[in-house]
Every structure is written in C-alpha cells, then in structure tokens.
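Please follow the account below with the sequence and the three-dimensional view at hand.

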Amino acid sequence: MEPHATAEHLPFLLDRAIAARTPFFDERHQAAFRLFNGFAEGCPTLVIDLYAATAVLYNHAKPPELGLPQVAVAQALLQQRFPWIHTIILKTRHTTSMPEQQGVLLAGDAPDRSVREHGIRYAVDLTMNRDASLYLDTRNLRRWAMEHLGGKTALNTFAYTGSLGVAAMAGGAARVVQLDLNRRFLNVAKTSYTLNGFPINKADFQTGDFWPAINRMKWGGERFDCVFVDPPIFAATAGGVVDLARNYTKVINKVRPLINDGGTLVAINNALFLSGRDYMAMLEAICADGYVRIGELIPVPDDCTGGPDASSAGQITDPAPFNHSTKIAVLHIRRKSDSQNS
C-alpha cells in the first residue's frame, strides 16, 4: 500500500478499517475507539477516533494543507455512513494555532461529554487540549486496573484526566490518589467520579509537580499497592526533567519507595524513538538489583494498532516485544528496607 493515500483511494481504506472494527460499535453509540489509524492503514496524514457520537479527525500532514483533501473525504464518508454522528471535530497537529490544535468543529455544535467503556463512564472534554482527554491506547490497562486493584490503594502519577484511577475505583480500590500538574485535567477526573457515583475526596486529587509531590509523599510515609507512571515524552519543570528516552529509569526509581512490598508499578513509555528492545533493556537493568521483576506486558488494542495485518511502514522504531509505541509493562516490586530507600 502506498505510504500516502490519495483522496480517491481513501474511501477504500476507510471502508476496510470500518469493517474490521464492527465489534467495537454499540447500539447506543457510547463507546470510544480508533476508527482509522492512517499510520498503519495506508494514510499517515489521517487518524479518526470515535467518542460516542462525536468523530475526532487528526490531520497529521505537514504542511496541514496537504491533508485537507483527505479530511474532506473522511468527513463526507462519515456523514454518509453514520448519520448518527452528530459532531465532527478536526485537530491539526502541525500548526502554531492553539485553537486548531485543540480542535475546530467541522459539523455539529455539541461534542459528547462522556463515553462508556467496560461498563464505566468516563468524562471527556474533546477540545480541551491537543489530545482528546481519554487515551484509547490504554483501554486494556484500564481493564487490568479494574480486575487487579480491588481493595488496594493506588497512586496515579501524571494522571491527566485520571482514567486509570477511575478504572481502579470501578474495580473497588480502597483509595486512589490522582496527581497531575494541571487542575483542569483533574476536574475532568472528578466529573468521571460523579458520573459513576464514586465519592470525591478532595485530598486525593493533588495538583502539583511530580518531583516535589513524590518527595512529600515519601517524607510523609505514604505507601501504595500500585503506582501508575505515564509521563509525557518530555517535560521540564523547576522540580526536574522527564525524558522517556533518556531518564525514565530515574522516574521509575523515584516512585519505588512508595510501593508496598509485593505491590506493582505500571510503567508506560510512549516515546516513539525508543524501541521496544531498548525499553526492555532499560527495565531489565532496573530489575538487576533483585527487587523488581517484570510481570506482564499489556498490549494496545487492535483498533489503535490497526490490527495484526497493519503495516509497520510508519513506525519509527520496532516496538517488539510490545505491539505499539505505547509500551506498557507491569513490574512487581519487593520492598527494600527504609534505610535502603532513603
């Protein structure tokens, strides 16, 4: 398949992608999934996500004008095939315009405000920032949290809109602390709690920089059964620097003292330039002290990868043994003594 599909060829690619995702559609149109991953399915300038009855189109063309014919074809096809889609949003990646990055309306005027996944409702704010406020590639991890954290405590660092913590609450977690630098993101998490009838303890929604916040928790003697670590690819604050390709080990080791003996650390790394092999080598080096063991690797769902027959032409690096550049590993932690953790 040619790496840059023409507008004339795009309907064929979209029809094929839609047919492959038939199981994801629900009668009430409340689901959220990736309808088309152009990077793996023949048109790397275009990605289409569905959030309930709202379609979100991402134009990855550089310059953006080159992707507009594909956007127009996709919009027309969606409106023809799915008359129940009431709103279409376009997010433009390679632009200096913040409103265009966050999303402009191509059709409709009322984007959906929530979706349903695994029986749980998640609040979404589809034009709040460049992303759509709910990461579809971590859907399997949310199910894992529901299935494994009943009665346990969890810390969700770099929480964004808190979906991993919401999933933990849905699974019966005893306590979940959501930590993020942006209060607006955590407000979306609170809305998800409200949608599901979960109690909101304001002290468990903490706005602040990861580095000093983890220090405070450590000094305060806090412990958790599970810690999620899902940082941005790169972020620099007064407290420290996060660089998933160069210093992710530092981030992981930073939270290890907060984990109870026998607990888990879920390490997510979505750095495109970090291969799966190099990430595994990084994790294996962390395990060398005997206190960390790699458990399961959680795959990204097929709708996000493009499926088992998807092209690897658009991949910058080989993600194997993971199936996507979003690389998710569950690490099992043995606790060192307090003197060793200091």
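In this predicted model, L155 has V227 of β11 as its bridge partner. The pairing of strand β8 (residues 153-157) with strand β11 (residues 224-229) runs in the parallel sense and comprises four bridges.

Both strands belong to an open sheet of seven strands, whose order is β10-β9-β8-β11-β14-β16-β15 and whose pairing is mixed. At its edges stand β10 (205-207) and β15 (292-298), each of which pairs on one side only. On average, and with direction ignored, neighbouring strands of the sheet are turned by 20° against each other.

Helices lie across parts of this sheet. Helix α8 (residues 210-219) lies across β8, β9 (175-180), β10 and β11, and its course is at about 145° to β9. Helix α10 (residues 276-287) lies across β14 (259-269), β15 and β16 (327-333), with a direction at about 150° to β15.

A further topic is the packing of one helix against another. Two packed helices are described by the angle between their axes and the distance between the axes. For helix α1 (residues 10-20) and helix α3 (residues 68-81), the axes come within 10 Å and cross at roughly 45°. The arrangement of α1 relative to α3 is therefore oblique. The crossing in which α1 passes α3 is right-handed. On the α1 side, L10, P11, L14, D15 and I18 make the contact, while α3 contributes Q70, V73, A74, L77 and R81. Classified by residue type, the contact of α1 with α3 contains seven nonpolar, one polar and two charged residues.

Methods. Residues are numbered from 1 along each chain as its sequence is written. This is a predicted model: local features need pLDDT of at least 70, side-chain atom pairs count only at pLDDT 80 or more; totals for chains, interfaces and linings use all residues. Side-chain values use heavy atoms; hydrogens and water are left out. Axes are lines fitted to C-alpha atoms, for helices over the stretch in contact, and angles run from 0 to 180 degrees between N-to-C directions. Helices (H or I, at least four residues) and strands (E, at least two) are DSSP runs, numbered from the N terminus. Angles under 35 degrees count as roughly parallel, over 145 as roughly antiparallel, 65 to 115 as roughly perpendicular and the rest as oblique. A crossing is left-handed if the near helix is turned anticlockwise from the far one by less than a right angle, and right-handed if clockwise. Contact means heavy atoms within 4.5 Å. Ala, Val, Leu, Ile, Met, Phe, Trp, Tyr, Cys and Pro count as nonpolar, Asp, Glu, Lys and Arg as charged, and the others, Gly among them, as polar. Two strands pair if DSSP finds at least two bridges between them.
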